[in-house]
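Please keep the sequence and the model in view while reading.

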Amino acid sequence: MSYADLFYEMKGKFMGVDVSDIHEHLAFQFNIEDEAAGGIFYVEVKDGVLHVEPYEYHDRDAMFTCAPDVLLKIAEGELDPVEAFTEQKLRVEGDIEKALRLKEIIELKRKALKKA
């Protein structure tokens, strides 16, 4: 899987998630470590809308670093981000309290999929 494939898959998974109840600004950068699929993208919640873009986010709240398979499992809800961190599959830098909000966004995505 190339970086472009991974990015568009992740964007597809997160876009459309209803984050209108999240009133604070959240910005997460994801650093993907892989020779083929390595790269950087960010997820931002701003004014109740979720954005996913293939750029570095310098004013981020938290930065996550992991392999592509770990990120996909987290996005699918197959791997808890806290568990991934504990097992050293996911590195986190920045505001840990805000980083934990990633789990909330993933739960919102899962609820939306169940309704569909």
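Glu24, Asp61, Lys98, Arg101 and Glu104 are joined in a network of salt bridges. A salt bridge here is a side-chain nitrogen of Lys or Arg within 4 Å of a carboxyl oxygen of Asp or Glu. The model is predicted, so local features need pLDDT of at least 70 and side-chain atom pairs count only at pLDDT 80 or more, while totals for chains, interfaces and linings use all residues. Residues are numbered from 1 along each chain as its sequence is written, and side-chain values use heavy atoms, with hydrogens and water left out.

Helices (H or I, at least four residues) and strands (E, at least two) are DSSP runs, numbered from the N terminus. Asp61 counts as buried, at 16% relative accessibility. The classes are buried for under 20% relative accessible area, exposed for over 50%, and partly exposed in between (1.4 Å probe, protein chains only). Arg101 and Glu104 form another salt bridge, with the closest N and O atoms 2.6 Å apart. Both residues lie in helix 5, 3 residues apart, which is about one turn of the helix. Glu104 is partly exposed, at 32% relative accessibility.

The count of salt bridges comes to 11. One of the others to look at joins the side chains of Lys13 and Glu76, at 2.1 Å from N to O. Here too the pair links distant parts of the chain, with Lys13 in helix 1 and Glu76 in helix 2, 63 residues apart. Lys13 counts as buried at 17% relative accessibility, whereas Glu76 is partly exposed, with a relative accessible area of 35%.

Which residues of helix 1 are buried? They are Leu6, Phe7, Met10, Lys13 and Phe14. Seen down the helix axis, these buried residues fall within an arc of 125°, so they line one face of helix 1. The arc is taken from the directions from the helix axis to the C-beta atoms. The face turned away from the buried side carries the exposed residues Tyr8 and Gly12. The cover over the buried residues of helix 1 includes strand 1 (26-32), strand 2 (39-46), strand 3 (49-53), helix 2 (68-76) and helix 5 (101-115). After helix 1 comes Gly16, with a positive phi near 95°.

Two further residues can be set side by side. Thr65, in strand 4 (residues 62-66), is buried, with a relative accessible area of 7%. Leaving aside neighbours within four places in sequence, Thr65 is in contact (heavy atoms within 4.5 Å) with Asn31, Glu33, Lys89, Leu90 and Arg91. Leu100 lies in the loop between helix 4 (96-99) and helix 5 and is partly exposed, with a relative accessible area of 48%.
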